[in-house]
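Trainee: Could you help me learn to read a protein structure, one feature at a time?
Mentor: Gladly; let us open it and go through it together.

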Amino acid sequence: MKRWRPAQSWRTPTLAIATAALLLAGCGGTGGGDSADGKGELLVWVDNTRTAAAQQYEKAHPDVKMRIVTIPPDAGYVPTKVSLANRSKSGWPDVVFLANPAEAATLASDRFGYAAPLDGLVPKSVRDGFAPGSLDTCTFGGKTYCLRNDIAPTVLWYDAKLMKSYGYDVPRTWAEYRQVGLKAAEDHPGTVVGAINGKYGAGVYFGSSGCPTRDTLSLTKVRIDLTQPSCTRVADLLQPLAEAKAVTMVVPTDPAFAKLGTQNKILMLPGPAWFGDFMFGPAFKIPKGRIAAAAMPTWPGETKSYAGQVGGGAFLVSAHAGGRTKEAVDLVRWMTTDVTLQAAQPTYPAFTAAARKWGETKSRDPYYASDPMPALSAAANALRPGFGAVRFEADWQTTFNDTVGKAAESGGDLRKALPSWQDKLDAAAGTSDYTVGP
(Lines give C-alpha, C1' and ligand atoms only; values in the text may rest on other atoms or scores of the structure.)
Protein backbone atom coordinates (compact mmCIF):
# COMPACT_ATOMS: atom_id res chain seq x y z
CA MET A 1 0.00 0.00 0.00
CA LYS A 2 1.31 3.44 -0.85
CA ARG A 3 1.77 5.63 2.14
CA TRP A 4 0.99 9.24 2.85
CA ARG A 5 3.60 11.38 4.48
CA PRO A 6 2.98 14.85 5.91
CA ALA A 7 4.54 17.71 4.01
CA GLN A 8 7.04 20.10 5.47
CA SER A 9 5.37 23.35 6.42
CA TRP A 10 5.42 26.34 4.14
CA ARG A 11 3.75 28.46 6.73
CA THR A 12 4.25 32.16 7.05
CA PRO A 13 5.11 33.40 10.55
CA THR A 14 2.41 33.04 13.20
CA LEU A 15 2.08 35.11 16.33
CA ALA A 16 1.80 32.17 18.71
CA ILE A 17 1.19 28.44 18.84
CA ALA A 18 -1.81 26.99 20.61
CA THR A 19 -1.15 25.02 23.75
CA ALA A 20 -1.50 21.28 23.84
CA ALA A 21 -4.27 21.49 26.38
CA LEU A 22 -6.32 23.72 24.11
CA LEU A 23 -5.80 21.35 21.22
CA LEU A 24 -6.88 18.34 23.21
CA ALA A 25 -9.95 20.13 24.47
CA GLY A 26 -10.83 21.67 21.12
CA CYS A 27 -10.52 18.47 19.12
CA GLY A 28 -12.79 16.50 21.38
CA GLY A 29 -16.48 15.93 20.79
CA THR A 30 -18.26 14.92 17.64
CA GLY A 31 -18.37 18.29 15.84
CA GLY A 32 -18.69 18.55 12.09
CA GLY A 33 -21.57 16.07 11.97
CA ASP A 34 -25.12 16.77 10.86
CA SER A 35 -27.72 17.05 13.57
CA ALA A 36 -31.36 16.07 13.06
CA ASP A 37 -32.13 19.42 11.45
CA GLY A 38 -29.14 19.13 9.12
CA LYS A 39 -27.40 22.08 10.77
CA GLY A 40 -25.50 21.48 13.99
CA GLU A 41 -22.62 23.72 15.05
CA LEU A 42 -20.13 25.08 12.56
CA LEU A 43 -16.77 23.60 13.54
CA VAL A 44 -13.91 25.89 12.53
CA TRP A 45 -10.19 25.13 12.77
CA VAL A 46 -7.83 28.11 12.45
CA ASP A 47 -4.34 28.97 13.58
CA ASN A 48 -3.64 31.44 16.36
CA THR A 49 -3.20 34.35 13.96
CA ARG A 50 -6.70 33.92 12.53
CA THR A 51 -8.57 32.95 15.71
CA ALA A 52 -9.55 36.53 16.56
CA ALA A 53 -11.00 37.05 13.08
CA ALA A 54 -13.10 33.88 13.35
CA GLN A 55 -14.35 35.09 16.72
CA GLN A 56 -15.22 38.44 15.15
CA TYR A 57 -17.33 36.64 12.54
CA GLU A 58 -19.02 34.60 15.26
CA LYS A 59 -19.93 37.74 17.18
CA ALA A 60 -21.35 39.35 14.04
CA HIS A 61 -23.45 36.25 13.27
CA PRO A 62 -25.20 35.25 16.51
CA ASP A 63 -27.61 33.09 14.51
CA VAL A 64 -24.74 30.79 13.49
CA LYS A 65 -23.73 28.35 16.19
CA MET A 66 -19.96 28.02 15.98
CA ARG A 67 -17.13 26.24 17.73
CA ILE A 68 -13.72 27.70 17.00
CA VAL A 69 -10.66 25.54 17.63
CA THR A 70 -7.14 26.94 17.50
CA ILE A 71 -4.77 24.49 15.85
CA PRO A 72 -0.99 24.54 15.39
CA PRO A 73 0.55 25.34 12.00
CA ASP A 74 2.61 22.16 12.12
CA ALA A 75 3.05 20.25 8.88
CA GLY A 76 0.80 17.23 8.68
CA TYR A 77 -1.40 18.20 11.62
CA VAL A 78 -4.60 18.78 9.63
CA PRO A 79 -4.30 15.71 7.35
CA THR A 80 -3.60 13.53 10.37
CA LYS A 81 -6.66 14.80 12.23
CA VAL A 82 -8.86 14.53 9.15
CA SER A 83 -7.65 10.97 8.64
CA LEU A 84 -8.77 10.14 12.17
CA ALA A 85 -12.16 11.75 11.49
CA ASN A 86 -12.46 9.66 8.34
CA ARG A 87 -11.95 6.51 10.38
CA SER A 88 -14.54 7.45 12.98
CA LYS A 89 -16.79 9.10 10.40
CA SER A 90 -17.26 12.11 12.66
CA GLY A 91 -15.38 15.18 13.88
CA TRP A 92 -14.55 16.77 10.55
CA PRO A 93 -14.04 20.54 10.75
CA ASP A 94 -16.46 22.37 8.48
CA VAL A 95 -13.80 25.01 7.80
CA VAL A 96 -10.06 24.60 8.14
CA PHE A 97 -7.12 26.93 7.65
CA LEU A 98 -3.99 25.44 6.13
CA ALA A 99 -0.69 27.08 7.05
CA ASN A 100 0.77 24.81 4.39
CA PRO A 101 -1.39 25.21 1.26
CA ALA A 102 0.28 22.21 -0.38
CA GLU A 103 -1.80 20.03 1.93
CA ALA A 104 -4.84 20.96 -0.16
CA ALA A 105 -3.60 18.33 -2.61
CA THR A 106 -3.85 15.71 0.14
CA LEU A 107 -7.22 16.79 1.51
CA ALA A 108 -8.82 17.02 -1.95
CA SER A 109 -7.61 13.56 -2.99
CA ASP A 110 -9.98 10.60 -3.29
CA ARG A 111 -8.19 8.92 -0.41
CA PHE A 112 -9.16 11.74 1.96
CA GLY A 113 -12.29 13.07 0.27
CA TYR A 114 -12.34 16.05 2.59
CA ALA A 115 -12.18 19.27 0.55
CA ALA A 116 -15.32 20.45 -1.24
CA PRO A 117 -14.99 22.02 -4.71
CA LEU A 118 -15.85 25.69 -4.39
CA ASP A 119 -16.55 26.59 -8.02
CA GLY A 120 -20.33 26.30 -7.60
CA LEU A 121 -20.28 27.83 -4.12
CA VAL A 122 -18.11 30.93 -4.60
CA PRO A 123 -19.04 33.14 -7.57
CA LYS A 124 -16.47 33.45 -10.34
CA SER A 125 -16.55 37.22 -9.87
CA VAL A 126 -15.22 36.70 -6.36
CA ARG A 127 -12.62 34.14 -7.39
CA ASP A 128 -11.43 36.49 -10.12
CA GLY A 129 -10.66 39.04 -7.41
CA PHE A 130 -7.69 37.02 -6.16
CA ALA A 131 -4.17 37.69 -7.44
CA PRO A 132 -3.65 36.08 -10.86
CA GLY A 133 -2.41 32.54 -10.42
CA SER A 134 -2.82 32.53 -6.64
CA LEU A 135 -5.65 29.99 -6.79
CA ASP A 136 -3.59 27.63 -8.96
CA THR A 137 -2.42 26.05 -5.72
CA CYS A 138 -6.06 25.24 -4.99
CA THR A 139 -6.99 23.99 -8.45
CA PHE A 140 -6.87 20.37 -9.57
CA GLY A 141 -8.47 19.04 -12.73
CA GLY A 142 -10.19 22.37 -13.30
CA LYS A 143 -11.85 22.44 -9.85
CA THR A 144 -11.04 24.95 -7.12
CA TYR A 145 -10.77 23.38 -3.67
CA CYS A 146 -9.65 26.31 -1.52
CA LEU A 147 -9.36 30.08 -1.29
CA ARG A 148 -6.01 31.63 -0.52
CA ASN A 149 -5.73 33.77 2.57
CA ASP A 150 -2.26 35.11 1.85
CA ILE A 151 0.48 34.56 -0.69
CA ALA A 152 4.26 34.79 -0.64
CA PRO A 153 5.51 36.01 -4.03
CA THR A 154 9.25 36.43 -4.28
CA VAL A 155 11.09 39.69 -4.89
CA LEU A 156 14.74 40.69 -4.93
CA TRP A 157 15.42 42.06 -1.47
CA TYR A 158 18.67 44.02 -1.18
CA ASP A 159 20.61 46.19 1.23
CA ALA A 160 20.44 49.63 -0.37
CA LYS A 161 23.19 51.03 1.85
CA LEU A 162 25.65 48.29 0.96
CA MET A 163 24.78 48.41 -2.73
CA LYS A 164 25.45 52.15 -2.79
CA SER A 165 28.67 52.00 -0.78
CA TYR A 166 30.00 49.18 -2.99
CA GLY A 167 29.02 51.01 -6.16
CA TYR A 168 26.73 48.26 -7.49
CA ASP A 169 23.53 48.73 -9.47
CA VAL A 170 20.44 46.68 -8.62
CA PRO A 171 20.37 43.87 -11.20
CA ARG A 172 17.49 43.69 -13.64
CA THR A 173 18.47 40.38 -15.23
CA TRP A 174 19.81 37.15 -13.74
CA ALA A 175 23.00 37.66 -15.74
CA GLU A 176 23.51 41.00 -13.97
CA TYR A 177 22.64 39.35 -10.66
CA ARG A 178 25.35 36.75 -11.21
CA GLN A 179 27.86 39.44 -12.17
CA VAL A 180 27.15 41.48 -9.03
CA GLY A 181 27.25 38.36 -6.86
CA LEU A 182 30.63 37.26 -8.18
CA LYS A 183 32.11 40.74 -7.83
CA ALA A 184 30.81 41.06 -4.28
CA ALA A 185 32.25 37.67 -3.35
CA GLU A 186 35.65 38.74 -4.69
CA ASP A 187 35.72 42.29 -3.34
CA HIS A 188 33.95 41.59 -0.03
CA PRO A 189 34.62 37.96 1.00
CA GLY A 190 31.80 36.31 2.91
CA THR A 191 29.10 38.40 1.23
CA VAL A 192 26.09 36.43 -0.01
CA VAL A 193 23.45 37.25 -2.61
CA GLY A 194 21.13 34.31 -2.04
CA ALA A 195 20.21 31.17 -0.12
CA ILE A 196 19.48 27.90 -1.89
CA ASN A 197 18.41 25.51 0.84
CA GLY A 198 15.20 23.53 0.23
CA LYS A 199 12.29 25.73 -0.71
CA TYR A 200 14.58 28.77 -0.81
CA GLY A 201 16.33 27.22 -3.78
CA ALA A 202 13.60 25.14 -5.35
CA GLY A 203 10.85 27.74 -4.86
CA VAL A 204 12.78 30.97 -5.40
CA TYR A 205 15.09 30.13 -8.30
CA PHE A 206 13.59 27.07 -10.00
CA GLY A 207 10.05 28.25 -9.23
CA SER A 208 10.51 31.71 -10.72
CA SER A 209 12.19 30.19 -13.77
CA GLY A 210 9.20 27.95 -14.44
CA CYS A 211 11.12 24.70 -14.10
CA PRO A 212 8.49 21.91 -13.99
CA THR A 213 9.36 20.29 -10.67
CA ARG A 214 5.73 20.03 -9.48
CA ASP A 215 3.24 20.97 -12.21
CA THR A 216 -0.08 19.48 -11.07
CA LEU A 217 -2.09 18.35 -14.07
CA SER A 218 -4.73 16.78 -11.83
CA LEU A 219 -5.05 15.19 -8.39
CA THR A 220 -3.36 12.09 -9.75
CA LYS A 221 -0.99 13.34 -12.44
CA VAL A 222 2.02 15.64 -12.18
CA ARG A 223 4.56 16.91 -14.70
CA ILE A 224 8.22 16.74 -13.71
CA ASP A 225 10.82 17.43 -16.39
CA LEU A 226 14.18 18.80 -15.30
CA THR A 227 15.64 18.51 -18.79
CA GLN A 228 13.83 21.71 -19.78
CA PRO A 229 15.85 24.90 -20.44
CA SER A 230 13.86 26.53 -17.62
CA CYS A 231 15.70 24.12 -15.30
CA THR A 232 19.18 23.96 -16.80
CA ARG A 233 19.46 27.75 -16.92
CA VAL A 234 18.98 27.86 -13.16
CA ALA A 235 21.82 25.38 -12.67
CA ASP A 236 24.01 27.46 -14.97
CA LEU A 237 23.18 30.62 -13.02
CA LEU A 238 23.92 29.13 -9.62
CA GLN A 239 27.06 27.15 -10.60
CA PRO A 240 29.61 29.99 -10.48
CA LEU A 241 27.85 31.65 -7.54
CA ALA A 242 28.06 28.41 -5.55
CA GLU A 243 31.73 27.98 -6.43
CA ALA A 244 32.42 31.54 -5.26
CA LYS A 245 30.37 30.98 -2.07
CA ALA A 246 28.16 33.91 -3.07
CA VAL A 247 25.10 31.76 -2.37
CA THR A 248 24.75 29.69 0.76
CA MET A 249 23.09 26.43 1.73
CA VAL A 250 22.33 27.83 5.18
CA VAL A 251 18.58 28.22 5.69
CA PRO A 252 17.51 31.87 6.20
CA THR A 253 15.57 30.79 9.30
CA ASP A 254 18.75 29.33 10.84
CA PRO A 255 20.54 31.45 13.49
CA ALA A 256 23.74 30.97 11.48
CA PHE A 257 22.16 32.95 8.65
CA ALA A 258 21.21 35.74 11.05
CA LYS A 259 24.91 36.25 11.78
CA LEU A 260 25.39 37.24 8.16
CA GLY A 261 23.00 40.11 8.78
CA THR A 262 24.78 41.40 11.88
CA GLN A 263 28.07 41.15 9.98
CA ASN A 264 26.73 43.16 7.01
CA LYS A 265 27.20 40.20 4.67
CA ILE A 266 23.71 40.04 3.13
CA LEU A 267 23.92 42.12 -0.04
CA MET A 268 20.91 40.62 -1.84
CA LEU A 269 18.42 37.91 -1.01
CA PRO A 270 15.74 36.78 -3.46
CA GLY A 271 12.94 35.70 -1.16
CA PRO A 272 9.24 35.85 -0.30
CA ALA A 273 7.28 38.96 0.58
CA TRP A 274 7.17 38.09 4.28
CA PHE A 275 10.96 38.33 4.58
CA GLY A 276 10.54 42.11 4.66
CA ASP A 277 8.71 42.23 7.97
CA PHE A 278 9.73 38.99 9.62
CA MET A 279 13.35 38.34 8.73
CA PHE A 280 15.51 41.38 7.95
CA GLY A 281 14.75 43.33 11.10
CA PRO A 282 13.66 40.77 13.71
CA ALA A 283 15.97 37.91 12.67
CA PHE A 284 18.88 39.43 10.74
CA LYS A 285 19.02 42.60 12.87
CA ILE A 286 19.52 44.89 9.90
CA PRO A 287 18.75 48.51 10.95
CA LYS A 288 15.94 50.50 9.40
CA GLY A 289 16.47 52.53 6.28
CA ARG A 290 18.60 49.92 4.50
CA ILE A 291 16.40 47.18 3.05
CA ALA A 292 14.61 47.68 -0.26
CA ALA A 293 12.74 45.48 -2.74
CA ALA A 294 13.08 45.17 -6.49
CA ALA A 295 11.37 42.98 -9.03
CA MET A 296 12.83 39.53 -9.54
CA PRO A 297 15.45 39.61 -12.32
CA THR A 298 14.36 38.43 -15.76
CA TRP A 299 15.54 35.15 -17.22
CA PRO A 300 17.34 34.91 -20.59
CA GLY A 301 14.99 35.33 -23.52
CA GLU A 302 12.25 36.89 -21.38
CA THR A 303 11.32 40.50 -20.72
CA LYS A 304 8.76 39.90 -17.97
CA SER A 305 9.80 39.41 -14.36
CA TYR A 306 8.23 36.30 -12.84
CA ALA A 307 7.95 35.54 -9.14
CA GLY A 308 8.40 32.25 -7.35
CA GLN A 309 6.41 31.27 -4.24
CA VAL A 310 7.50 30.43 -0.72
CA GLY A 311 4.60 30.44 1.74
CA GLY A 312 1.05 31.60 2.22
CA GLY A 313 -2.08 29.99 3.63
CA ALA A 314 -5.48 28.75 2.45
CA PHE A 315 -9.01 28.00 3.67
CA LEU A 316 -10.94 24.84 2.81
CA VAL A 317 -14.59 23.88 3.24
CA SER A 318 -15.45 20.32 4.20
CA ALA A 319 -17.33 18.04 1.82
CA HIS A 320 -19.01 16.73 5.01
CA ALA A 321 -20.45 20.13 6.02
CA GLY A 322 -23.92 19.16 4.80
CA GLY A 323 -26.49 21.67 6.00
CA ARG A 324 -23.71 23.96 7.23
CA THR A 325 -22.10 24.36 3.81
CA LYS A 326 -23.64 27.77 3.13
CA GLU A 327 -22.42 29.14 6.47
CA ALA A 328 -19.00 27.55 6.00
CA VAL A 329 -18.56 29.12 2.58
CA ASP A 330 -19.73 32.51 3.83
CA LEU A 331 -17.14 32.40 6.62
CA VAL A 332 -14.32 31.43 4.25
CA ARG A 333 -15.34 34.08 1.76
CA TRP A 334 -15.36 36.75 4.47
CA MET A 335 -12.06 35.62 5.99
CA THR A 336 -10.28 35.81 2.64
CA THR A 337 -11.92 38.78 0.92
CA ASP A 338 -12.99 41.29 3.57
CA VAL A 339 -10.78 44.26 2.81
CA THR A 340 -10.74 45.71 6.32
CA LEU A 341 -9.90 42.37 7.89
CA GLN A 342 -7.26 41.41 5.35
CA ALA A 343 -5.62 44.83 5.35
CA ALA A 344 -4.72 44.32 9.01
CA GLN A 345 -3.20 40.86 8.63
CA PRO A 346 0.59 40.36 8.90
CA THR A 347 1.25 38.90 5.45
CA TYR A 348 0.46 39.76 1.84
CA PRO A 349 -3.29 39.26 1.16
CA ALA A 350 -4.22 37.03 -1.76
CA PHE A 351 -7.31 39.13 -2.50
CA THR A 352 -6.21 42.00 -4.74
CA ALA A 353 -8.43 44.75 -3.27
CA ALA A 354 -7.27 43.85 0.23
CA ALA A 355 -3.64 43.80 -0.88
CA ARG A 356 -3.96 47.38 -2.13
CA LYS A 357 -5.30 48.50 1.23
CA TRP A 358 -2.68 46.45 3.09
CA GLY A 359 0.00 48.10 0.99
CA GLU A 360 -0.93 51.61 2.08
CA THR A 361 0.58 50.97 5.50
CA LYS A 362 3.54 49.11 4.06
CA SER A 363 4.37 52.02 1.77
CA ARG A 364 4.76 54.31 4.79
CA ASP A 365 6.79 51.89 6.87
CA PRO A 366 9.97 53.73 7.96
CA TYR A 367 11.91 50.48 8.20
CA TYR A 368 12.41 50.31 4.44
CA ALA A 369 14.90 52.33 2.43
CA SER A 370 12.18 52.91 -0.17
CA ASP A 371 8.57 51.92 -0.76
CA PRO A 372 8.56 48.11 -1.23
CA MET A 373 5.00 47.94 -2.57
CA PRO A 374 5.69 48.51 -6.27
CA ALA A 375 7.91 45.42 -6.31
CA LEU A 376 5.60 43.40 -4.07
CA SER A 377 2.48 44.27 -6.07
CA ALA A 378 4.19 43.46 -9.35
CA ALA A 379 5.34 40.11 -7.97
CA ALA A 380 1.86 39.24 -6.72
CA ASN A 381 0.57 39.76 -10.24
CA ALA A 382 3.37 37.79 -11.88
CA LEU A 383 3.38 34.39 -10.17
CA ARG A 384 5.02 31.91 -12.50
CA PRO A 385 2.35 29.46 -13.74
CA GLY A 386 2.69 25.74 -13.16
CA PHE A 387 3.71 25.74 -9.51
CA GLY A 388 1.13 23.45 -7.94
CA ALA A 389 0.31 21.96 -4.56
CA VAL A 390 1.65 18.42 -4.31
CA ARG A 391 1.44 15.63 -1.77
CA PHE A 392 5.21 15.11 -1.87
CA GLU A 393 6.19 18.60 -0.76
CA ALA A 394 8.54 17.42 2.00
CA ASP A 395 10.37 15.20 -0.49
CA TRP A 396 10.43 18.04 -3.00
CA GLN A 397 12.51 20.03 -0.54
CA THR A 398 14.72 17.29 0.91
CA THR A 399 15.53 15.77 -2.48
CA PHE A 400 16.62 19.19 -3.71
CA ASN A 401 19.05 19.42 -0.81
CA ASP A 402 20.26 15.85 -1.38
CA THR A 403 21.07 16.49 -5.03
CA VAL A 404 21.38 20.07 -6.26
CA GLY A 405 22.09 21.42 -2.79
CA LYS A 406 24.77 18.84 -2.10
CA ALA A 407 26.43 19.61 -5.43
CA ALA A 408 26.39 23.34 -4.64
CA GLU A 409 27.94 22.75 -1.24
CA SER A 410 30.63 20.33 -2.41
CA GLY A 411 31.69 22.12 -5.58
CA GLY A 412 29.98 19.61 -7.84
CA ASP A 413 28.26 20.09 -11.18
CA LEU A 414 24.72 21.40 -10.66
CA ARG A 415 23.60 20.41 -14.15
CA LYS A 416 24.68 16.85 -13.54
CA ALA A 417 22.70 16.86 -10.28
CA LEU A 418 19.42 17.53 -12.08
CA PRO A 419 18.87 13.94 -13.33
CA SER A 420 19.31 12.65 -9.79
CA TRP A 421 16.79 15.18 -8.51
CA GLN A 422 14.44 14.12 -11.31
CA ASP A 423 14.71 10.46 -10.28
CA LYS A 424 14.01 11.25 -6.64
CA LEU A 425 11.05 13.47 -7.51
CA ASP A 426 9.62 10.79 -9.78
CA ALA A 427 9.89 8.27 -6.95
CA ALA A 428 8.33 10.65 -4.43
CA ALA A 429 5.45 11.40 -6.80
CA GLY A 430 4.81 7.70 -7.30
CA THR A 431 4.78 7.07 -3.57
CA SER A 432 2.21 9.84 -3.25
CA ASP A 433 -0.21 8.24 -5.76
CA TYR A 434 0.76 10.33 -8.77
CA THR A 435 1.65 9.27 -12.25
CA VAL A 436 4.36 11.41 -13.84
CA GLY A 437 3.47 12.54 -17.33
CA PRO A 438 4.55 15.01 -20.00
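What follows is a conversation about the core, the rings, the helices and the backbone of this predicted model.

Trainee: Where should I begin with the core, and which residues touch the most other members of it?
Mentor: The general idea is that, in soluble globular proteins, nonpolar side chains tend to be buried together. Here the largest nonpolar core has 143 residues, and Tyr 177, Tyr 205, Phe 206, Phe 392 and Trp 421 touch the most other members.

Trainee: What is Tyr 177 in contact with, apart from its neighbours within four places in sequence?
Mentor: Its partners include Leu 156, Pro 171, Val 193 and Gly 194, along with Tyr 205, Leu 237 and Leu 241. Val 247, Met 268, Pro 270 and Pro 297 are also among the contacts of Tyr 177.

Trainee: How many aromatic pairs are there?
Mentor: The structure holds 23 of them. Take Phe 140 and Tyr 145: their ring centres are 6.0 Å apart and their planes meet at 45 degrees, so this pair is tilted. Phe 140 is buried at 3% relative accessible area, and Tyr 145 also counts as buried, at 8%. For another arrangement, look at Phe 275 and Phe 280, with centres 6.4 Å apart and planes at 80 degrees; that angle is over 60, so the pair is edge-to-face.

Trainee: Are Phe 275 and Phe 280 buried or exposed?
Mentor: Both Phe 275 and Phe 280 are buried. They also belong to a cluster linked by ring pairs, which includes Trp 157, Tyr 200, Phe 257 and Trp 274. Phe 284, Tyr 367 and Tyr 368 are among its members as well.

Trainee: Which rings have the charged end of an arginine over them?
Mentor: Tyr 306 is one of them: the charged end of Arg 384 sits over its ring, 3.8 Å from the centre. Over the ring of Tyr 434 sits the charged end of Arg 391, 4.0 Å from the centre.

Trainee: Now the helices. At roughly what angle do the axes of α7 and α9 cross?
Mentor: Helix α7 covers residues 174-187 and helix α9 covers residues 229-243; their axes come within 9 Å and cross at roughly 5 degrees. The two helices are therefore roughly parallel to each other. Where they meet, α7 brings Trp 174, Tyr 177, Arg 178, Gly 181 and Leu 182, while α9 brings Asp 236, Leu 237, Pro 240 and Leu 241.

Trainee: What does Thr 232 touch, not counting residues up to four places away in sequence?
Mentor: Thr 232 is found in helix α9 and is buried, with a relative accessible area of 15%. It touches Leu 226, Thr 227, Arg 415 and Leu 418.

Trainee: Which residues have a positive phi although they are not glycines?
Mentor: Lys 285 is one, at about 60 degrees. Its place is the loop between α11 (275-278) and β12 (291-294), and at 53% relative accessibility Lys 285 counts as exposed. Asp 433 is another, at about 70 degrees. It lies in the loop between α17 (414-431) and β14 (435-436), and Asp 433 counts as partly exposed, at 28%.

Technical notes:
Residues are numbered from 1 along each chain as its sequence is written. Side-chain values use heavy atoms; hydrogens and water are left out. A nonpolar core is a set of buried Ala, Val, Leu, Ile, Met, Phe, Trp, Tyr and Cys residues joined through side-chain atoms within 4.5 Å. Buried means under 20% relative accessible area, exposed over 50%, partly exposed in between (1.4 Å probe, protein chains only). Contact means heavy atoms within 4.5 Å. Rings of Phe, Tyr and Trp (its six-membered ring) pair if their centres lie within 6.5 Å; planes under 30 degrees apart count as stacked, over 60 as edge-to-face and the rest as tilted. A charge sits over a ring if NZ of Lys or CZ of Arg is within 6 Å of the ring centre and within 35 degrees of the ring normal. Axes are lines fitted to C-alpha atoms, for helices over the stretch in contact, and angles run from 0 to 180 degrees between N-to-C directions. Helices (H or I, at least four residues) and strands (E, at least two) are DSSP runs, numbered from the N terminus. Angles under 35 degrees count as roughly parallel, over 145 as roughly antiparallel, 65 to 115 as roughly perpendicular and the rest as oblique.
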